[in-house]
Amino acid sequence: MTVENLKNVVLNEAYKNEDVYIVYVDGALTAFFDDFAKQFPNKFINVGIAEAEAISIASGLALRGKTVYVVGLAQYVTARAYEQVRMDCAYNNANVKIIGFISGLSSCKAGYSHWAIEDINLMSNLPNMTVCCPGSDVEFREVFKYSLKHKGPMYISWNTAKCAMKKYSVDVNKISTIYSGFDFALLTYGVDVSFGIDFCENMIKAGLSPMLLSVHTLKPLDETRINEILDMNIPVITLEEHLYNGSLASKISEIIATRGLRVPFLPIYISDSKFNILGSVKFLRDKLFNVKNIENSIVDFVYQNKNKNKKFRLFYSLHKFDKKGRLIENFYFCGLRLLKKRKKINKDKYKYYLFGFLPIN
Amino acid sequence: MNDEQRIRRVKQYLFQTAQKARVGHIPSSLSSVEIMYVLYNKIANITKNNANDLDRNRVIISKEHARLGQVAVLAEAGLIDLKLLDKFMCDEDSILGHDLYGVVSKRNIGVIDVACGSLGHGLPFGVGLAWDSKYNVYVIVGDGELQEGTNWESIIFIGSKKLKNITIIVDRNNQQIDNYVTNIVDTYSNVARQIEAFGFDVIECDGHNVYELEKAFRIETSKPKCIIANTIKGKDCQFALNEMGFGRFHAAPLSDENYQKVCQGIEVL
């Protein structure tokens with residue numbers, strides 16, 4: 001989802017609908033609201049650097065029957081203004097839609113003060129609150145349309161960094177299926193949707209049949225669909241740029257535990273012990289998660305829990321490193337022949353090793 | 001070396017670091033370089049030896065976007081290792097961002113007191129450091145930052161408790177990320193009178209003049225002191241504002257062309 005898309009989607013509605021107001025917290029997006037602010041100076045409020053005030057103002061407007069969108073940095077409109085969100089929006093059931101942009105680790109170099117890695121947990125805890133985290137263009141559009149009709153507080157975590165442009169059908173109250181395979185199920189949301197699509201495409205090339213699900217609505221959670229997936233008894237993996245508490249992983253663990261299932265389950269989340277580093281998103285994703293390398297650990301996990309009735313073949317992982325020995329990219333494929341066909345590969349730059357065995361469908 | 005030459009060197013470090021790490025926030029840093037220079041070199045009496053002491057004066061940069069300027073000033077003054085600048089906001093061993101990580105004193109940067117990654121935290125934090133202490137606390141806040149309510153809660157508190165060992169320095173440059181402060185919520189025009197009304201002695205001075213700043217710091221006042229330092233955001237790279245627009249000017253790194261231009265500008269000074 002680019003900033004341009006937000007402008008088109010949000011502003012088109014704001015122009016059409018008399019009752020839509022925008023309360024904006026200062027944060028490098030004013031230029032996009034300029035035309036709107038000139039045309040409707042009363043419908044666009046820039047409160048400056050004051051998140052708590054923004055939420056309360058929005059709640060006041062909402063109690064007058066307006067639909068109010070608060071736009072601000074995800075971390076600040078949730079964690080910083082938490083009491084205001086709790087008292088003014090949630091318990092009042094005020095019609096305030098909070099759009100928090102730059103969620104997850106996207107504001108990488110700015111440091112942990114800017115990362116929004118607890119927002120889903122904080123917002124899910126509140127009564128009346130609907131929590132959405134769209135990861136692609138279509139999802140954002142659908143979620144936004146829903147937010148206009150829905151009465152009550154809503155938090156939309158929105159990311160400018162990575163947005164999947166793949167087209168698939170989206171229903172806000174249901175989990176979207178992007179790939180419907182049967183070897184393993186990957187549940188994810190937000191920035192990781194585009195990661196999931198790339199990863200699953202690689203897996204399909206490698207001969208696997210992955211299932212990719214985008215859980216864009218985290219509260220209320222589509223438990224029917226989750227139960228269906230758990231009943232398939234295939235390895236289930238969750239992936240999210242969020243701490244464990246209150247995450248999708250914790251919610252699915254709860255379902256597995258209460259139902260007493262024996263489903264192979266791999267939750268991938270940000271472990272909450274090592275906040276003494278910063279750097280690019282790629283670097284942080286390698287260091288901060290509870291697994292060392294996301295792709296490799298998923299493949300490993302699927303292999304360990306493989307279906308024993310199936311045949312398997314050799315599976316390779318090819319890694320490219322930079323001068324300092326840091327991982328730049330990696331590919332997956334089966335059989336050594338493929339490797340030999342790639343003439344351009346410089347052996348010094350790449351390392352490949354046998355990864356395991358994967359099923360032939 | 002005189003002050004002018006030393007500040008020129010600070011700015012060289014600042015630009016080199018920013019260019020190496022490809023990070024922005026240069027204009028915010030340039031706006032308060034002289035204030036931080038005066039504080040660390042002439043006023044606060046922080047040395048390498050007492051850096052990790054509990055009992056010493058404190059300097060808090062509450063406007064966290066000036067972190068780059070702060071490390072440049074500290075490196076020039078010899079309070080942190082020059083090599084640390086190479087690690088500014090980079091992968092692997094990076095330790096310096098908007099906020100600082102882990103136990104700072106273990107990383108040879110004990111001189112940096114508080115990690116303020118989020119606006120409006122430094123001043124209340126400073127009140128805690130100054131309360132029931134004979135040491136002085138200096139807090140630099142931005143004029144845009146004053147839109148956060150917590151600052152005013154502290155200003156009311158300091159005024160009513162007559163806390164005299166905390167000094168507020170307002171870096172008054174009339175710019176925040178999106179526009180001029182006056183165009184958004186005006187915490188620029190009347191800030192001196194507003195703070196004065198809460199029981200402060202307010203001194204206004206040129207925030208880029210080392211002599212004036214030092215004088216302002218040394219003046220004895222009967223009430224808690226607030227220094228309004230009038231500054232220019234991005235003093236040596238203002239020409240980039242039109243080209244980059246407000247948001248990018250605030251947060252994005254300079255283009256190579258502009259960097260060359262800035263380097264020439266500093267040497268001419």
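Modeller: Before we begin, a definition: helices (H or I, at least four residues) and strands (E, at least two) are DSSP runs, numbered from the N terminus. This is a predicted model, in which local features need pLDDT of at least 70 and side-chain atom pairs count only at pLDDT 80 or more, whereas totals for chains, interfaces and linings use all residues. Residues are numbered from 1 along each chain as its sequence is written, while chains are lettered from A and ligands numbered from 1 in the order in which they are written.

Colleague: How many helices and strands does chain B have?

Modeller: Chain B has ten helices and five strands. Its C-alpha trace spans about 50 × 45 × 35 Å along the principal axes.

Colleague: How does the radius of gyration of chain B compare with that of a compact globule?

Modeller: The two agree, because a compact globule of 269 residues would have a radius of gyration near 18 Å and chain B has 17 Å. The radius is taken over C-alpha atoms, and the globule rule is 2.2 Å times the number of residues to the power 0.38.

Colleague: What is the order of strands in the open sheet of chain B?

Modeller: The order is E1-E2-E3-E5-E4, with parallel pairing. Strand E1 (58–61) and strand E4 (201–206) of chain B are the edges; each has a single partner strand, so one side of each is left without a neighbour in the sheet. Neighbouring strands are turned by 20° against each other on average, direction ignored. Two strands pair if DSSP finds at least two bridges between them.

Colleague: Over how many bridges do E3 and E5 of chain B pair?

Modeller: Strand E3 (residues 166–172) and strand E5 (residues 225–230) of chain B pair over six bridges, in the parallel sense. Within this pair, Ile169(B) has Ile227(B) of E5(B) as its bridge partner.

Colleague: Which strands does helix H8 of chain B lie across?

Modeller: Helix H8 (residues 210–218) of chain B lies across E4 and E5 of chain B, and runs at about 170° to E4(B). Axes are lines fitted to C-alpha atoms, for helices over the stretch in contact, and angles run from 0 to 180 degrees between N-to-C directions. Two residues are in contact if their C-beta atoms, placed from the backbone, lie within 7 Å.

Colleague: At what angle do H2 and H3 of chain B pack?

Modeller: Helix H2 (residues 26–43) and helix H3 (residues 67–76) of chain B pack at about 40°, and their axes are 7 Å apart. Residues of H2(B) in this contact include Leu30(B), Val33(B) and Tyr37(B), and those of H3(B) include Leu68(B) and Val73(B). The contact has nine nonpolar, four polar and no charged residues. Here Ala, Val, Leu, Ile, Met, Phe, Trp, Tyr, Cys and Pro count as nonpolar, Asp, Glu, Lys and Arg as charged, and the others, Gly among them, as polar.

Colleague: Let us turn to chain A. Which domains does the domain assignment give?

Modeller: The assignment for chain A gives domain 1 (3–158), domain 2 (176–304) and domain 3 (312–359). Such bounds come from an automatic or database domain assignment. The C-alpha centres of domain 1 and domain 2 of chain A lie 27 Å apart. Their contact takes 25 residues from domain 1 of chain A and 25 residues from domain 2 of chain A.

Colleague: What is the order of the five-strand open sheet of chain A?

Modeller: The order is E7-E9-E8-E11-E12, with mixed pairing. Its edge strands are E7 (176–179) and E12 (265–270) of chain A. E7(A) and strand E9 (residues 210–214) of chain A pair in the antiparallel sense over three bridges. Leu213(A) in E9(A) is the bridge partner of Thr177(A). Helix H8 (residues 192–205) of chain A packs on the sheet, its direction making about 170° with that of E9(A).

Colleague: Where is the cis peptide bond?

Modeller: The cis bond joins Lys219(A) and Pro220(A), with omega about 0°. Pro220(A) is in the loop between strand E10 (217–219) and helix H9 (223–231) of chain A.

Colleague: What is the phi of Lys162(B)?

Modeller: Lys162(B) has a positive phi of about 50°, although it is not a glycine. Most residues other than glycine have a negative phi, and most peptide bonds are trans. Lys162(B) is found in the loop between helix H5 (149–161) and E3 of chain B.
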